[in-house]
Amino acid sequence: MSDKIQTKRQSRNQEASESTIKRSLGSKIFGYGSLTIIVLVTLFPVYWMLRTALSTSKTLFSDPTSLMPVNFTMGGFARALGLSTNAQALAEGGSGASVNFSLYFMNSVIVCVILTVCQVAFSAAAAYAFSILKFKGRDAIFFLFVIALTVPGIFLVLPNFLLIRELHLVNSLFGIMLPGLLMAPFAIFFLRQFFLGTNLSIVEAAVIDGANHFRIFRQIVIPIAWPQIITLAILQFIGAWNDYLWPFYVGSGKPESTVLTVGLGVFKSQTPQGSPDWSGLMAAALIAAIPMILLMIFAGKKIVGSIQASAVK
Amino acid sequence: MANPVVAKRKRKSDFLTALPFMGPALIGLSVFVLIPGIRGIYLSFTEYNIFRAPKFIGLDNYTRMIADPVFWNALWVTLEYVIINIGIQTVLALFIAVLMQRYTRSTVIRGIILLPYLFSNVIVALVWYWLTDYNLGLINSVLDFFSIDKFTFFSDVTAMPTIALINVWRHVGYTALLIFAGLQAIPKDVYDAAAVDGAGEWRTFRSITLPLLRPVLAFVMVITVTGSFQIFDTIAVTTKGGPIHATETFSILISKTAWGNNEFGYASAISVALMVMLSIIAFAQTKLLSANQSDMDR
Amino acid sequence: MHNFTAVGVREAGSWLETENIKQRKKMKVFKRAVAIAAVLALPLGLSACAPAAPAAEGTISYGLWDSNQLPAYKQCAADFHKANPKITVNIEQVGWDDYWKKVNAGFVSGDGYDVFTSHLAFYPEFVNNGNILALDDYIKRDNVDVANTYQPGLASLWTSPDGKQYGLPKDFDTIALFYNKKLTDAAGVDMSNLDWNPTDGGTYEKAIAHLTVDKNGKRGDEAGFDKAHVKTYGIWMEGTGGGDGQTQWSFLAAANGWKVNDGPWDTNYHYDDPKFQETIKWWHSLSEKGYMPTFAQQNGVGWSDQLAAGKVAMASNGSWMTGSVFGAKSDKFEPALAPTPVGPTGKRASMYNGLADNISASSKNPEAAWQWVKYLGSAACQDVVAAAAVVFPAIPEATDKAVAAMQAKGVDVSAFSVHITDKTTFLFPIADKKSKINDIMNPAMEAVMSGKADVSSLTAANDAVKALFK
């Protein structure tokens with residue numbers, strides 16, 4: 001099946017959602033009603049974060065159920081961005097610790113971009129081997145990657161930390177990236193599922209034409225799978241961006257190797273019984289999510305659209 | 001899958017070609033997952049507190065585990081979490097995916113659905129811990145306003161379902177979008193045929209959508225189930241395993257045993273048990289997955 | 001109360017007094033030295049008569065968890081560097097939960113902090129695993145008067161069973177009742193001198209009952225009180241306290257004449273003692289009466305936020321929370337402090353907990369680390385900490401200064417210091433296998449406080465704890 005037919009069918013599929021089955025008024029009310037409820041339930045806690053981020057931490061609980069910010073201030077955001085002085089921060093119920101926002105932000109960007117690019121590239125190559133190429137033991141080797149999904153993450157932190165230390169990579173950005181640089185079991189699984197579904201006749205034709213597999217991979221399979229690869233990259237990027245425990249162990253010793261999530265960890269509880277700096281914490285969470293929100297707004301159609309474009313099949 | 005070309009190609013093996021393709025991934029897998037994993041299996045037969053050399057003790061950790069009520073409790077508690085979390089999440093995600101397919105093409109709505117996934121587990125847990133607080137949480141304030149009895153979200157009975165639902169909130173959009181992708185791939189002709197037959201919404205869903213979606217659902221389930229079994233962050237910032245072990249899942253127990261009690265050998269044994277269990281489940285699921293590959297073959 | 005420390009020390013025997021005066025004189029010289037010529041301060045003050053210590057130099061790392069104290073310790077590090085230009089201290093502050101992960105990871109990898117703020121709940125295991133250095137040789141060499149420099153008892157908290165000293169005390173904390181004066185005034189409750197017994201709860205329970213208000217405005221001690229719909233609780237439950245009950249019930253059980261064991265490191269536990277069990281039974285009865293949230297209801301946002309929100313009238317807690325509680329003052333919440341109630345023993349009681357700094361065994365520069373630890377334990381640094389008015393430093397004079405500094409900020413902390421003046425403190429239970437004890441006691445206490453088990457079940461828990469040491 002050629003690309004043209006594929007596209008045609010995709011558009012037909014979209015029509016299907018519009019017209020095939022007649023919708024009664026009742027079903028419409030049910031459908032749009034449900035969607036509204038889902039959107040509200042999804043958005044409300046995020047609004048709550050915003051409302052808290054704009055409140056004054058110290059007196060936040062003088063009105064714990066107010067829907068509007070309590071004693072409105074931008075102080076939470078200022079603290080998260082490292083713009084307030086120590087004294088200002090403490091006065092608003094924040095932490096006395098400092099945040100070097102721009103440095104941490106750049107570290108996060110470096111780690112996540114390199115990690116995502118390498119991880120997705122190597123995973124795509126492996127997925128190609130596990131779907132399009134044929135050899136004995138292929139499925140058994142692939143199953144090792146499925147098993148990797150089952151190893152408790154908490155179990156791997158210590159040995160990998162010691163390994164990174166042996167390599168003298170503690171407190172370096174490279175040490176943070178290394179374990180995920182060469183593969184992610186999920187990524188291989190995801191792309192293999194897709195490649196299995198792609199039409200092999202194009203590949204076959206190319207082989208008969210004398211193209212080697214590297215060229216087929218680069219010039220045929222990757223372009224066909226591009227939306228899926230982008231989707232995967234976004235998902236892996238979000239995961240890497242939010243990762244906390246591993247970069248905490250490996251990178252928190254020096255500012256040059258501290259990523260954003262770890263740097264913003266100062267807003268978590270500082271004493272055993274103390275409550276966190278709520279507004280600083282929520283402001284930090286929102287700010288950390290902004291790069292991804294922007295990504296979704298500007299590339300919204302492409303990203304979310306590529307997820308829809310048969311991520312699995 | 002009876003592709004004659006593929007069948008013909010089976011004669012020669014692509015193994016040498018495959019090596020450079022899968023090499024980097026295999027190195028990454030071996031160094032950072034398999035070798036530590038195998039070492040973990042070895043450690044599960046030892047007494048080990050990380051500051052002294054591991055001492056081989058045979059099956060002692062495993063006999064202890066089988067007799068340990070806390071281990072069995074962790075098994076049931078984790079299963080309870082996985083069943084509630086995966087059950088509700090999958091059904092809801094399917095529902096949302098179908099709604100999106102049938103009623104809206106708006107990418108804004110799809111973006112909103114994915115929004116909770118952009119925040120880390122820790123933040124999500126803290127926000128919901130507050131919203132569900134018995135005394136000053138918004139949910140109970142609303143109940144109270146309508147003179148409905150307040151609800152304790154974190155008793156020994158309700159804590160695990162509450163945590164499972166919090167994680168549904170974070171992950172359901174992500175799952176829904178994966179399923180939505182699968183829905184988009186179902187050919188329109190099938191729906192046309194159903195419409196001609198006069199099938200209603202529910203029957204169309206049950207007899208067309210659901211069967212054709214099975215491979216996608218199976219893939220989604222492998223990913224979400226293996227992740228769900230390892231639930232950690234949300235509990236670590238809220239109930240920390242309590243009340244009375246009610247939320248002490250495998251990961252929490254492993255973390256407590258290893259870092260809290262310094263019993264890395266025993267913690268390894270519990271981890272191995274979890275890995276074996278998950279591998280069996282994943283194996284069954286992938287079998288199911290490939291068995292259904294043909295359902296959607298073109 | 002301004003001089004409570006001096007009173008405490010004076011009563012401590014005459015030979016001790018003379019030692020103390022000596023020490024103070026030393027300190028005075030020391031402080032003047034700092035003021036005049038910072039460079040000369042250390043050699044003059046503490047190690048003047050010691051054999052020349054090997055010259056220490058280099059950079060060391062120091063870890064602490066409380067961000068409120070960070071500015072004070074940064075100041076100390078700057079002063080220290082001035083006095084010892086060859087040594088630089090890098091301070092890293094990490095929040096409580098992550099802090100201990102980091103410390104542990106540092107032990108495993110061997111490149112953790114050189115010096116770190118330590119806690120009594122964890123250091124016994126560090127000692128057992130050989131993770132931290134004993135300071136005895138340094139102390140002897142530099143003639144540091146550990147026994148007499150600090151508030152009585154604090155140094156002994158950091159002594160292992162074989163008599164080795166692992167830390168120099170830096171600060172201490174005691175327990176008091178934090179309350180909302182707006183609510184006590186409205187109820188007409190006097191918090192200043194409460195008494196308690198496990199039978200009827202004394203005036204303590206009366207106060208708690210009267211401060212509890214249901215949603216119809218009925219108080220806990222009035223007819224028709226609806227315990228199912230409480231709007232404001234009399235007192236907060238902050239978890240079950242596990243095997244220590246530091247802020248929850250230890251001040252009651254001790255005032256009832258109970259001890260957790262027979263002294264630091266002792267393994268003969270007394271959770272089977274009727275004095276303990278009747279205390280817990282009474283404490284749980286508060287939940288049943290609706291004066292205190294149930295165990296399930298207290299799960300969620302922390303006690304200090306509940307207090308600030310006016311959802312509860314009082315909560316027992318430690319002096320380290322003073323800053324954040326008083327910072328939350330609003331038109332709904334007027335923070336105030338009252339001492340814990342007098343119990344059947346005729347006295348109040350408060351757990352006495354102290355922090356100190358440990359040196360990692362893997363430190364590559366133990367000499368510089370020790371110089372820093374010594375400085376942290378000296379008046380020069382503790383006075384700086386006192387001026388920050390966040391915690392009570394361990395040196396008596398610095399304690400006085402901290403009290404005065406808090407007073408100046410409008411916070412009357414006499415409810416905490418009264419335990420030092422009256423000598424009603426008892427030591428934090430230091431024990432080996434602490435986390436295993438907690439693994440037994442946490443669920444056992446949770447079962448009792450959730451009403452799933454009778455207090456008598458704690459006897460079995462006690463047997464399980466004792467069995468750990470067989």
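How many of the 16 residues of α21(C) are buried? The answer is 13, and α21(C) is mostly covered. A residue is buried here if 20 or more other C-beta atoms, placed from the backbone, lie within 10 Å of its own.

Before we go on, a word on the model: it is predicted, local features need pLDDT of at least 70, side-chain atom pairs count only at pLDDT 80 or more, and totals for chains, interfaces and linings use all residues. Residues are numbered from 1 along each chain as its sequence is written, while chains are lettered from A and ligands numbered from 1 in the order in which they are written.

After α21(C) comes C:G451, with a positive phi near 75°.

Now for the places where chains meet. Residues are in contact if their C-beta atoms, placed from the backbone, lie within 7 Å. Between chains A and B, the contact takes 83 residues from chain A and 84 from chain B. On the chain A side, helix α2 (residues 25–53) provides the largest share, 13 residues.

Chain C also meets chain A, with 33 residues of chain C in contact with 28 of chain A. On the chain C side, α5(C) gives the most, 7 residues.

How values were computed:
Two residues are in contact if their C-beta atoms, placed from the backbone, lie within 7 Å. Helices (H or I, at least four residues) and strands (E, at least two) are DSSP runs, numbered from the N terminus. A residue is buried if 20 or more other C-beta atoms lie within 10 Å of its own, exposed if 12 or fewer, and partly exposed in between; C-beta atoms are placed from the backbone.
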